[in-house]
Amino acid sequence: MLTTARGLSILALATLTTACGGGDGRQVLTVYSPHGREMLQAFEKRFEAANPTIDLQYVDMGSQEVFDRVRSEKANPQADVWWGAPANMFEQAAADSMLQPFTPSWATAVPAEAKDAEGYWFGTYITPEVIAYNTQVVPAAEAPKDWDDVLDPRWKGKVLIRDPMASGTMRTIFGMMVQRGIRATGDTAQGFQWLRRLDANTKQYVLNPTMLYQMLARQEGYVTLWALPDIEMVRAQYPIEYTIPTSGTPLIVDAVAIVRGAPNVDAAKVFVEYIGGNAALVPAVREFFRLPARTDFPGDSMPPRLRAAQEKLVAEPMDWKLLQERGNEWMRHWDENVRNRGAK
């Protein structure tokens, strides 16, 4: 059993995998995922209990890092499954011949807009983005209620942002702002001006989600932008709450796929079949606050807070195809011209 933390070098990861893989005779299954150590550990145990001949080994890293690594390993794939990232990343991966098709039995319950027509990827969860804050220093009545509220001068030096170059979640939020500008003016300038104002209020771009939660809890920053399920999970550990943006928020389709040329494709198929089935979906919803992509999941089986949040969601009219086509260009421009250059 291999558990790796974000930040290890590719060489270190490869060394650990070689050292730990298959020593007990079980078939090794390697899963790349941004879902975080707590969730990955829980599903590793559940999956191995249900499939005792398979040794699930996961590598925990950001969505963009998963995409980049699967692409870099294309000639010699090391992963079997990619579990978790915005669907537009999977669309790009499929177009770049990084995935291979497999249709699980639960796919019929996933709507057409949340799966690939040719079976290269399937949505597992719908992930809304929210505004989170430290409840010890920000009263609920004073917390930002919408995206523009985070630009208020009162939050100058008090905003923490997960580094968007490695994060599919933040790339989606940033892409939303650029798209809003395009819809309003036909150009990207307004969106990038919004991001400059956010940069002006940002104290730090944080390397990983765990650091983000810890820094927010320590009051090194008061406010952040992040995914609803993750904030729900950490509320029990940290004084963190969230608001749902009133003007709209991206509803990210979070997907799963088999890597093309997977070393253990049969085990990969077993995992994909498992992860979208009821045995995995029920704890994902009830314990990890994931909104199911499947339309046949009963709403009364959701935790009350999650059901209440779902009712408040206003879907942002995202152009996912445009984000797929131009997202990398926008992020390069942000990195080169906006990061740490806001009107401080």
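## A walk through the helices and the core

Let us begin with Val 206, which lies in strand β8 (residues 202-206). Strands here are DSSP runs of E with at least two residues, helices are runs of H or I with at least four, and both are numbered from the N terminus. The model is predicted, so local features need pLDDT of at least 70 and side-chain atom pairs count only at pLDDT 80 or more, while totals for chains, interfaces and linings use all residues. Residues are numbered from 1 along each chain as its sequence is written, and side-chain values use heavy atoms, with hydrogens and water left out.

Is Val 206 buried or exposed? Val 206 counts as buried because its relative accessibility is 0%; buried means under 20% relative accessible area, exposed over 50%, and partly exposed in between, with a 1.4 Å probe and protein chains only. Leaving aside neighbours within four places in sequence, Val 206 is in contact with Leu 160, Ile 161, Arg 162, Asp 163, Met 211, Leu 212 and Met 215. Contact means heavy atoms within 4.5 Å. Leu 160 is 46 residues from Val 206 in sequence, yet their C-alpha atoms are 6.9 Å apart in space.

Next comes the largest nonpolar core. Such a core is a set of buried Ala, Val, Leu, Ile, Met, Phe, Trp, Tyr and Cys residues joined through side-chain atoms within 4.5 Å. Which of its 112 residues touch the most other members? They are Leu 29, Trp 82 and Trp 83. Strand β6 (residues 122-134) gives the most to this core, with seven residues. In soluble globular proteins, nonpolar side chains tend to be buried together. Setting aside neighbours within four places in sequence, the contacts of Leu 29 include Phe 47, Ile 54, Leu 56, Val 81, Ala 267, Ala 268 and Phe 271, and also Asp 55 and Asp 80.

The axes of helix α2 (residues 37-50) and helix α9 (residues 265-275) come within 11 Å and cross at roughly 115 degrees, which makes α2 roughly perpendicular to α9. Axes are lines fitted to C-alpha atoms, for helices over the stretch in contact, and angles run from 0 to 180 degrees between N-to-C directions. Angles under 35 degrees count as roughly parallel, over 145 as roughly antiparallel, 65 to 115 as roughly perpendicular and the rest as oblique.

Now turn to helix α12. The axes of helix α5 (residues 168-185) and α12 come within 9 Å and cross at roughly 100 degrees, so α5 and α12 are roughly perpendicular to each other. Among the residues making the contact are Thr 172, Phe 174 and Val 178 of α5 and Trp 320, Leu 323 and Trp 334 of α12. The residues of this contact divide into nine nonpolar, four polar and one charged. Thr 172 is buried because its relative accessible area is 1%. Beyond residues up to four places away in sequence, Thr 172 touches Pro 86, Pro 250, Ile 252, Met 318, Trp 320 and Leu 323.

Helix α12 (residues 320-337) also packs with helix α6 (residues 189-201), at an angle of about 45 degrees and with the axes 11 Å apart. The two helices α6 and α12 are therefore oblique to each other. In this contact, Phe 192, Leu 195 and Arg 196 in α6 meet Trp 330, His 333, Trp 334 and Asn 337 in α12. Those residues divide into four nonpolar, two polar and one charged.

Both α5 and α12 are also among the elements that cover the buried residues of α4. Those buried residues of helix α4 (residues 87-95) are Ala 87, Asn 88, Met 89, Phe 90, Ala 93 and Ala 94. Just after α4, Ser 97 takes a positive phi of about 60 degrees.

Most residues other than glycine have a negative phi. Gln 219, although not a glycine, has a positive phi of about 65 degrees, and Gln 219 lies in the loop between α7 (209-217) and β9 (223-227).

Terms used: Ala, Val, Leu, Ile, Met, Phe, Trp, Tyr, Cys and Pro count as nonpolar, Asp, Glu, Lys and Arg as charged, and the others, Gly among them, as polar.
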